Amino acid sequence: MAIYSRSEKLKLEILDKTDNTERLNNDVELIYILEGTIDLKMNGHTTHMQSGDILLVNAGKLYQLQSSGDVLYARLSILYSMFSDIIGSLNVYFLCDSVNNPSKQYDKLRQYIEQLLKEYVKNKDGNMDFAYIANYYHIMDTLLNDFLVKPTEADNQETSDKFQKRIIRINHYIQANYDQPISLKELSQQLYLSVGYLSRFFKKTMV
């Protein structure tokens with residue numbers, strides 16, 4: 001079972017199974033477990049998620065969901081550009097993982113997600129009312145205030161500027177071409193870098 005909202009910027013899926021295949025995430029996605037247990041695999045690490053657990057997958061990440069029994073979970077997708085427009089930066093990164101980083105901050109986020117789900121169930125035809133949209137923006141606001149990772153200033157300003165510009169160019173290119181396959185070779189040509197250097201740069205900074 002999958003239920004979708006009709007907005008391209010804000011999408012909600014309620015799912016009762018995992019396909020066990022690797023998924024490339026182009027937007028900001030929140031995984032919220034309603035029933036059962038799910039293993040989320042990303043960056044060579046497995047997170048065992050249970051009912052009530054929340055984990056955010058940042059844009060541009062590969063991840064995989066696996067389950068062995070009955071499950072029910074929600075996947076909330078928010079267009080990456082909505083966050084980048086708000087904060088005025090193309091480098092948007094969140095740390096939101098209630099399993100490995102538990103805190104009281106998740107209580108508020110969990111409350112907004114539950115309210116969002118209730119509002120969605122009331123609108124079975126998929127149309128979004130103001131209460132539904134308001135809860136989505138409450139979730140966005142909570143993510144920005146409590147879970148946004150702010151980049152630290154580098155000791156060497158010149159190196160920092162080059163680093164930030166490269167990150168911005170990579171993110172901008174990926175966002176502009178997310179709907180088609182992008183090879184490492186093609187991206188390296190756009191940045192005037194060798195494939196080997198770009199591969200090492202990704203492993204060091206993007207994973």
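Two residues are in contact when heavy atoms of theirs lie within 4.5 Å. The legends below describe close-up views of a predicted model.

**Figure 1. The chain as a whole, with its strands and helices.** The chain holds 6 helices and 8 strands. Read from the N terminus, the order of the elements is β-β-β-β-β-β-β-β-α-α-α-α-α-α. Of the 207 residues, 39% are buried. Among contacts between residues at least 6 apart in sequence, 68% join residues at least 24 apart. The accessible surface of the chain is about 12,000 Å², and carbon and sulfur atoms account for 49% of this surface.

Figure 2. Ser98 is classed as buried because its relative accessible area is 9%, and the cut-off for buried is under 20%. When residues up to four places away in sequence are not counted, Ser98 touches Asp53, Ile54, Tyr106 and Arg110.

**Figure 3. The aromatic pairs of the model.** A search of the whole structure finds 2 aromatic pairs. Phe83 and Phe94 form an edge-to-face pair, with 5.0 Å from centre to centre and 65 degrees between the planes. Phe83 belongs to helix α1 and Phe94 to the loop between α1 and α2, so this pair ties together parts that are 11 residues apart in sequence. Both Phe83 and Phe94 are buried. Tyr106 and Phe147 form a tilted pair, with 4.9 Å from centre to centre and 45 degrees between the planes. Tyr106 lies in helix α2 and Phe147 in helix α3 (residues 130-147), so here the parts tied together are 41 residues apart in sequence. Tyr106 is buried, with a relative accessible area of 3%, and Phe147 also counts as buried, at 3% relative accessibility.

**Figure 4. The nonpolar core around Leu30 and Leu143.** In soluble globular proteins, nonpolar side chains tend to be buried together. The largest nonpolar core of this model has 32 residues, and Leu30 and Leu143 are those with the most contacts inside it. Two or more residues of this core come from each of β1 (10-15), β3 (28-35), β6 (54-57), β8 (72-78), α1, α2 and α3. Leaving aside neighbours within four places in sequence, the contacts of Leu30 include Ile54, Leu55, Leu56, Leu76, Cys96, Ile113 and Leu143. A second, separate core has 13 residues, among them Leu15, Ile31, Met49 and Val57.

**Figure 5. The buried and exposed faces of helix α5, and Ser194 beyond it.** Helix α5 covers residues 184-191, and within it Leu187, Ser188 and Leu191 are buried. These residues cover an arc of only 100 degrees around the axis, which puts them on the same side of α5. An α-helix has 3.6 residues a turn, so residues three or four places apart point the same way. The face turned away from the buried side of α5 carries the exposed residues Lys185 and Gln189. Ser194 is found in the loop between α5 and α6 (195-205). Ser194 is partly exposed, with a relative accessible area of 43%. Between the C-alpha atoms of Ser194 and Leu184, which are 10 residues apart along the chain, the separation is 9.6 Å.

Conventions: Residues numbered from 1 in each chain as written. Predicted model: local features only at pLDDT ≥ 70, side-chain atom pairs only at ≥ 80, totals over all residues. Heavy atoms only, no water. Buried < 20%, exposed > 50% of the residue type's maximum accessible area, 1.4 Å probe, protein only. Helix = DSSP H or I, 4+ residues; strand = E, 2+ residues; numbered from the N terminus. Arc of directions from axis to C-beta. Phe/Tyr/Trp six-rings, centres within 6.5 Å; stacked < 30°, edge-to-face > 60°. Core = buried A, V, L, I, M, F, W, Y, C linked by side-chain atoms within 4.5 Å. Areas by Shrake-Rupley, 256 points an atom, 1.4 Å probe, with all protein chains shown as cover.
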